[in-house]
Amino acid sequence: AAALSLRSVARDLEMAPSALYRYFDGRDALLSALILDAYESLAIEAEQAAETARRTAGSDAERWLVVPAAMRAWALAHPHEWGLIFGAPVPGYRAPQQTVEPYARIAGSLIGPVVDAREAGRLHVGERSAVSPALAAAVIPVREALFPDMPVETVVRSVEAWTTIVGAISLEVFGHWRNTVLDPGELFVATARDVAASIGLR
């Protein structure tokens, strides 16, 4: 992404660079279009998986596994797009505000079983260490945007779940498991199950 330029794209399309500027104001506009397209594609995939899980999956924990699996499958099929969303920031580029909406849709699809389990009284909170005031303050934007009525402890663990799932997928997509983990799929399922248990899904 850092090497992207309208001039190189125009050359590949056998167009004059000036003609391409009729569609995009510059490199950042083109990059934003690619990023938004990737976000939208992943959001649709996550939402469809969440809906399928809602109709067909059994327990809350089993339902939880469906969206992470769909995110991983999408990422492996679209590694460059995953990199645009979750890879290293492009120097000098700032993602547009429009990315917030599809990002929230992806996160909401992932955490849906947690919200439903809590509303139904099925979330097993167990013994958990108290969340410090500093940590509670750190997750205020997430709590206000996605979980306004959720206990802060569950919000923290949901953010940790998001971090773990995105991190596990990224390690595989970016080749960090090569010659280290022989079956990343098995590790991913085990990781997702452990995350479900840590949140309180059974």
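1. Buried means under 20% relative accessible area, exposed over 50%, and partly exposed in between, computed with a 1.4 Å probe and protein chains only. On this scale Glu14 is exposed, its relative accessible area being 76%. The structure is a predicted model, in which local features need pLDDT of at least 70, side-chain atom pairs count only at pLDDT 80 or more, and totals for chains, interfaces and linings use all residues. Residues are numbered from 1 along each chain as its sequence is written, and side-chain values use heavy atoms, with hydrogens and water left out.

2. Secondary structure. The protein has ten helices and zero strands, giving the pattern α-α-α-α-α-α-α-α-α-α along the sequence. Helices (H or I, at least four residues) and strands (E, at least two) are DSSP runs, numbered from the N terminus.

3. Overall dimensions and burial. The C-alpha trace spans about 65 × 40 × 35 Å along its principal axes. The protein has 202 residues, of which 38% count as buried. Contact means heavy atoms within 4.5 Å; among contacts between residues at least 6 apart in sequence, 72% join residues at least 24 apart.

4. Surface and charge. The protein carries 18 positive and 24 negative charges, whose mean positions are 2 Å apart. Lys and Arg count as positive and Asp and Glu as negative, while His and the chain ends are not counted.

5. Packing of helices 3 and 5. Helix 3 (residues 27-56) packs against helix 5 (residues 79-86) at an angle of about 105°, and their axes are 9 Å apart. The two helices are therefore roughly perpendicular, a class that covers 65 to 115 degrees. Helix 3 contributes Leu31, Leu34, Ile35, Ala38, Tyr39 and Leu42 to the contact, and helix 5 contributes Glu81, Trp82, Leu84, Ile85 and Phe86. Axes are lines fitted to C-alpha atoms, for helices over the stretch in contact, and angles run from 0 to 180 degrees between N-to-C directions.

6. Backbone at Glu14. This residue is not a glycine, but its phi is positive, near 55°. Glu14 is placed in the loop between helix 1 (6-12) and helix 2 (17-20).

7. Backbone at Asn179. A positive phi of about 60° also occurs at Asn179, likewise not a glycine. Asn179 lies in the loop between helix 9 (152-173) and helix 10 (184-199). With a relative accessible area of 78%, Asn179 is exposed.

Note on methods. The place of a charge is taken as NZ of Lys, CZ of Arg, CG of Asp or CD of Glu. Angles under 35 degrees count as roughly parallel, over 145 as roughly antiparallel, 65 to 115 as roughly perpendicular and the rest as oblique.
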